[in-house]
Amino acid sequence: MKKLLLLTATGMLFLSCKKEIVQNQSIESEDIQLAKGAAQVSGQAKGATQISGIGFFATPAECDVPSQGATYAIKMTGDLEGCFYVFIDNFDCSPSGTYRETGREYFVGTYNGGSGTFWTNYKFEAKFEGCAPDGSYLGAEIFGRCQHPIIKGSGTGVFQGVSGRMDFKDDIAAGNFPYRGHFLY
């Protein structure tokens with residue numbers, strides 16, 4: 001009987017130790033995974049630079065639209081100073097006045113005192129008072145917004161190697177286009 005009790009106690013002690021070792025390994029494993037996840041998150045955020053400012057329809061004196069072959073230009077102020085040349089590729093408008101447009105943009109200007117250029121693809125969505133038979137909009141804009149992902153590898157000068165995205169939300173009352181976004185290098 002003593003041998004049976006001794007064997008049972010030894011077995012329980014062994015299982016208890018093994019369980020503790022497995023639990024500690026699990027805890028260590030979870031800690032390692034959390035640390036790895038935190039490192040990945042901080043690695044993703046590293047290098048992201050927030051940008052913001054306001055755009056306005058450019059006058060001919062501010063941005064030379066004909067020399068670029070663009071449809072029109074936006075004069076950029078704030079973190080970006082320069083001209084956003086807009087090239088409309090497609091557009092359509094539904095009978096309700098919902099207007100959709102896609103295209104490309106070429107930025108020529110400065111950032112933090114350095115000059116350079118980059119390209120974006122953009123998607124613009126807005127609500128207007130109406131639509132023309134050719135798919136363009138009619139009347140005043142009621143609201144609008146657009147997204148501008150930067151084309152990776154398109155940057156020159158201070159924008160060499162930049163990627164990221166900019167978002168505009170039209171301020172109808174003020175007649176301008178506040179933007180915000182981020183650059184990744």
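These entries record what I looked up in a predicted model of one protein.

**Basis.** I number residues from 1 along each chain as its sequence is written, and side-chain values use heavy atoms, with hydrogens and water left out. Because the model is predicted, local features need pLDDT of at least 70 and side-chain atom pairs count only at pLDDT 80 or more, while totals for chains, interfaces and linings use all residues.

**Entry 1: overall build.** I looked up the secondary structure and found two helices and nine strands. Helices (H or I, at least four residues) and strands (E, at least two) are DSSP runs, numbered from the N terminus. I noted their order along the sequence as α-β-α-β-β-β-β-β-β-β-β.

**Entry 2: surface and contacts.** The protein has 185 residues, and 32% of them are buried. I use buried for under 20% relative accessible area, exposed for over 50%, and partly exposed for values in between (1.4 Å probe, protein chains only). I recorded an accessible surface of about 11,500 Å² (Shrake-Rupley method, 1.4 Å probe). Carbon and sulfur atoms hold 60% of that surface. I then turned to contacts (heavy atoms within 4.5 Å). Of the contacts with a separation of 6 or more, 47% join residues 24 or more positions apart.

**Entry 3: Asn112.** I checked the backbone at Asn112, where phi is near 50°, a positive value in a residue other than glycine. Asn112 lies in the loop between β4 (98–111) and β5 (114–131). I found Asn112 exposed, with a relative accessible area of 67%.

**Entry 4: salt bridges.** Side chains of opposite charge can pair when their charged atoms come close. I count a salt bridge when a side-chain nitrogen of Lys or Arg is within 4 Å of a carboxyl oxygen of Asp or Glu. My search of the whole structure returned five salt bridges.

I looked up Asp92 and Arg100, which form a salt bridge with the closest N and O atoms 3.2 Å apart. Both residues are partly exposed: Asp92 has 35% relative accessibility, and Arg100 has a relative accessible area of 32%.

I next took Asp167, whose side chain meets that of Arg165 in a salt bridge at 2.8 Å, N to O. Arg165 is partly exposed, with a relative accessible area of 35%.

Glu125 and Lys123 also meet through their side chains in a salt bridge, at 3.5 Å, N to O. I listed Glu125 as partly exposed at 23% relative accessibility, and Lys123 as partly exposed at 42%.
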